[in-house]
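Trainee: I would like to learn how to read helix packing, salt bridges and surface patches in a model. Please take them in turn.

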Amino acid sequence: MDTIERYGIVGTAPSWRLTPWNDTGIFLASMNDAYQMDGFERADEFYDLHPLDHFYLVPEAQPGQKAVIYAHQIPIGSYVRPAKHLDWLATQTIPVWLHPDHATQLPTSAGWPSARPFPKAELEATFGRYFTSTPAWMLAHAILRGAKEVHIYGIHLSTE
């Protein structure tokens, strides 16, 4: 496993704009559909740890309009992603960390050149089993890989 000394986690909450995009000494990792944000410049690896067969892909809007989706339209247990999210994941040249069972959930993902099964079992064996979010998994993954410095941008987790 490669050692990454300076690691940055980039989420989608407003502080993501503070990401030092031009500091190539920080290995940047992002998640889910952050790549679609205006101004998102780079990621050295990407994570979507949710089950690929539980995505609700938002239909594309008509030209000049914005896609609108309402909560009651989303099936319970689904994760909302842009219409072409799976295509985006499939065509990446950077590592894309996916649910450990991604190839069972969506068999075509086994052929994606940059797909990596997330090492959940290894992290649980090292750190225990209590992880509640993708950023928590990413942080543990960074520590396991030798991160000595971690930057966090755009992670403002909250509940109602």
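Trainee: Which residues in α3 meet which residues in α4?

Mentor: First, the ground rules. This is a predicted model, in which local features need pLDDT of at least 70, side-chain atom pairs count only at pLDDT 80 or more, and totals for chains, interfaces and linings use all residues. Residues are numbered from 1 along each chain as its sequence is written, and side-chain values use heavy atoms, with hydrogens and water left out. Helices (H or I, at least four residues) and strands (E, at least two) are DSSP runs, numbered from the N terminus. Contact means heavy atoms within 4.5 Å. On the α3 side are Lys 120, Glu 122, Leu 123, Glu 124, Thr 126 and Phe 127; they meet Trp 137, Ala 140, His 141, Ile 143 and Leu 144 of α4.

Trainee: At what angle do α3 and α4 pack?

Mentor: Two packed helices are described by the angle between their axes and the distance between the axes. Axes are lines fitted to C-alpha atoms, for helices over the stretch in contact, and angles run from 0 to 180 degrees between N-to-C directions. Here the angle is about 75 degrees and the axes of α3 and α4 are 10 Å apart. That makes α3 roughly perpendicular to α4 (under 35 degrees is roughly parallel, over 145 roughly antiparallel, 65 to 115 roughly perpendicular, the rest oblique).

Trainee: How many salt bridges does a search of the whole structure find?

Mentor: A salt bridge is a side-chain nitrogen of Lys or Arg within 4 Å of a carboxyl oxygen of Asp or Glu. The search finds six. One of them pairs Arg 145 with Glu 45, with the closest N and O atoms 2.8 Å apart. Arg 145 lies in the loop between α4 and β8 and Glu 45 in strand β3 (residues 45–48), so the pair ties together parts that are 100 residues apart in sequence.

Trainee: Are Arg 145 and Glu 45 buried or exposed?

Mentor: Buried means under 20% relative accessible area, exposed over 50%, partly exposed in between (1.4 Å probe, protein chains only). Both Arg 145 and Glu 45 are buried.

Trainee: Which residues form the nonpolar patch on the surface?

Mentor: Patches are made of residues with over 30% relative accessible area and no salt bridge; like charges are joined within 9 Å, nonpolar side chains (Val, Leu, Ile, Met, Phe, Trp, Tyr) within 5 Å. Accessible areas come from the Shrake-Rupley method with a 1.4 Å probe; for residues, only the protein chains shown count as cover. The patch consists of Phe 127, Leu 139, Ile 143, Val 150 and Ile 152, with about 390 Å² of accessible area together. Elements giving two or more residues are α4 (134–144) and β8 (149–153). Phe 127 belongs to helix α3 (residues 120–127) and is partly exposed at 38% relative accessible area.
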